[in-house]
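Reader: I am new to this structure and would like to go through it step by step. Could we begin once it is in view?

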Amino acid sequence: MMKKLVILLSVFMLSISGMAQQPAGPKPSGQPAGGFGMGKRTPVLITNDLSGDVDGIFALVHQLLCQSSDIKGIVGTHLGSQRAWTDNGKGGSVTDQAVARAKEVMDLLEIEQTFPIVKGADKGLESTIQPIESEGARLIVEEAKKHSPEKPLYVTVGASLTDVASAWLMDPSISKNIIVVWIGGQEYPFGHPFPPQYNKGNNLVEYNARLDIKSVQVVFNQSDLTLWQIPRDVYRQALYGMDEITDKIAPCGEIGKYLEEKLHRFGSDTYVLGDSPMVLISTLTTTFEPGAASSFYEVVKAPTIRDDGHYDFSAPGRDIIVYKNIDTRLLFGDMESKIRKAAKAIEAKKVKGKKK
């Protein structure tokens, strides 16, 4: 009898061990090991140019609807020398409109604002040693100080690195408490080559990097920030069909119509929802030892960023994570389901209100 009990106990312990050894999230050297994710929420601070490319709106909607997200704030960022892509009728600067757009989305989703929504810098850095002390940069510093290496804050960046770079220049001690997930930067040698017809001139330097090259230099060349990079060839994998928008998103209440209207003015068959991988990597993780287990990355030595924005591998820096591919099935399937579920809940609430 005792022998059988020992065998059963051994099998049980092996089973528990197997569950605990699920793939963990990427952890560069010096990062804590993952723990159990059950019942825990991921602290996320969103920075994005929400008055620019429409993909940022899709990523924002998805992140807001993730029950495992604990959103600490939203920072509306600049568009370099560009104006806002569409005027939402509320005027103001590009960053003013980004803030207004975030609030507009939350109103459509009927989500109460319980965290700050603020402006980032109105332009890129003029120096790699002088920060721009915007509301956004101050918020990053403030929230970082509330976190720890054991419970880091995910700062997701869907545009320029201006506000993250400024925050680090203002207080370099924040490095130990945050993980920067950046959508940006061009392809690596192990990645998918950029289309040859565009391999000329400035196009070799990726769009978000071009918005503020000095901020990229601060983050890559000077800082010790934990960086998880999703470069151009990888975020372009988030390619979504316009007819899918019509079939799957547009029927989902007011938010669905809003998202469809934002995209269909481009009149093409597809659109890259390139900011959405931020949600996948930071939040859609495994239950045990949380990590984006179905997406793959390499640990590489950070290249030096030249003044023209190109990579220089001759003087390698610290270890960073560079993603090689993303799980678009999970990404889009979860996004579609969450938007549909939210629309049904909002409609049910309206019906209930009318009955009263």
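Author: A term is needed before the questions start: a residue is called buried when its relative accessible area is under 20%. The model discussed here is predicted.

Reader: Is asparagine 177 buried or exposed?

Author: Asparagine 177 lies in the loop between helix H5 (162-170) and strand S5 (178-183). Buried means under 20% relative accessible area. Because the relative accessible area of asparagine 177 is 6%, this residue counts as buried.

Reader: Which backbone oxygen does the side chain of asparagine 177 reach?

Author: Leaving aside neighbours within four places in sequence, asparagine 177 is in contact with several residues, including Lys145, His147, Pro152 and Leu153. Ala144 also belongs to these contacts. At 3.1 Å, the side chain of asparagine 177 reaches the backbone oxygen of alanine 144.

Reader: Which side chains are joined to that of threonine 162 by a polar contact?

Author: Threonine 162 has its place in helix H5, and with 0% relative accessibility it counts as buried. When neighbours within four places in sequence are left aside, the residues in contact with threonine 162 include His78, Lys123, Asp212 and Ser215. A polar contact of 3.0 Å joins the side chain of threonine 162 to that of serine 160, and another, of 2.6 Å, joins it to that of aspartate 212.

Reader: How far apart in space are leucine 227 and valine 181, C-alpha to C-alpha?

Author: Leucine 227 is found in strand S6 (residues 226-230), and because its relative accessibility is 0%, it counts as buried. Its contacts, neighbours within four places in sequence left aside, include Val180, Trp182, Phe220 and Ile320. Although leucine 227 and valine 181 are 46 residues apart in sequence, their C-alpha to C-alpha distance in space is 6.2 Å.

Reader: What share of the contacts with a separation of 6 or more comes from residues 24 or more positions apart?

Author: The protein chain has 12 helices and 12 strands, and buried residues make up 51% of its 356 residues. Among the contacts in the chain with a separation of 6 or more, the share from residues 24 or more positions apart is 79%.

Reader: How far does helix H12 reach from its first C-alpha to its last?

Author: Helix H12 covers residues 328-355 and has 28 residues. At 1.5 Å a residue, a span of 40 Å is expected, and the helix comes close to this with a reach of 41 Å.

Reader: Which elements do the buried residues of H12 pack against?

Author: At the start of H12, a side-chain oxygen of aspartate 327 comes to within 3.2 Å of the backbone nitrogen of arginine 329. Among the buried residues of H12 are Leu331, Phe332, Lys338, Ala342 and Ile346. The buried residues of this helix pack against strand S7 (239-241) and against helices H2 (55-65), H3 (94-108), H9 (242-249), H10 (253-264) and H11 (277-282).

Reader: Which element gives the largest share of the lining of the largest cavity?

Author: There are three cavities of 30 Å³ or more, and the largest cavity has a volume of about 40 Å³. Strand S1 (42-48), H2 and H11 each give two or more residues to the lining of the largest cavity, whose residues divide into five nonpolar, four polar and no charged. Gly56, Ala59, Leu60 and Gln63 are among the lining residues, and the largest share of the lining, four residues, comes from H2.

Key: Residues are numbered from 1 along each chain as its sequence is written. This is a predicted model: local features need pLDDT of at least 70, side-chain atom pairs count only at pLDDT 80 or more; totals for chains, interfaces and linings use all residues. Side-chain values use heavy atoms; hydrogens and water are left out. The expected span of a helix is 1.5 Å times one less than its number of residues. Buried means under 20% relative accessible area, exposed over 50%, partly exposed in between (1.4 Å probe, protein chains only). Contact means heavy atoms within 4.5 Å. A polar contact is a pair of N or O atoms within 3.5 Å; within protein, one must be able to donate a hydrogen and the other to accept it, and residues adjacent in sequence count only if both atoms are side-chain atoms. On a 1 Å grid over the protein atoms alone, a cavity is a set of points where a 1.4 Å probe fits but cannot get out, and a pocket is an open set with protein on both sides within 12 Å along at least five of seven lines; lining residues have an atom within 4 Å of a point. Grid points are joined across faces, edges and corners, and a volume is the space filled by probe spheres set on the points. Ala, Val, Leu, Ile, Met, Phe, Trp, Tyr, Cys and Pro count as nonpolar, Asp, Glu, Lys and Arg as charged, and the others, Gly among them, as polar.
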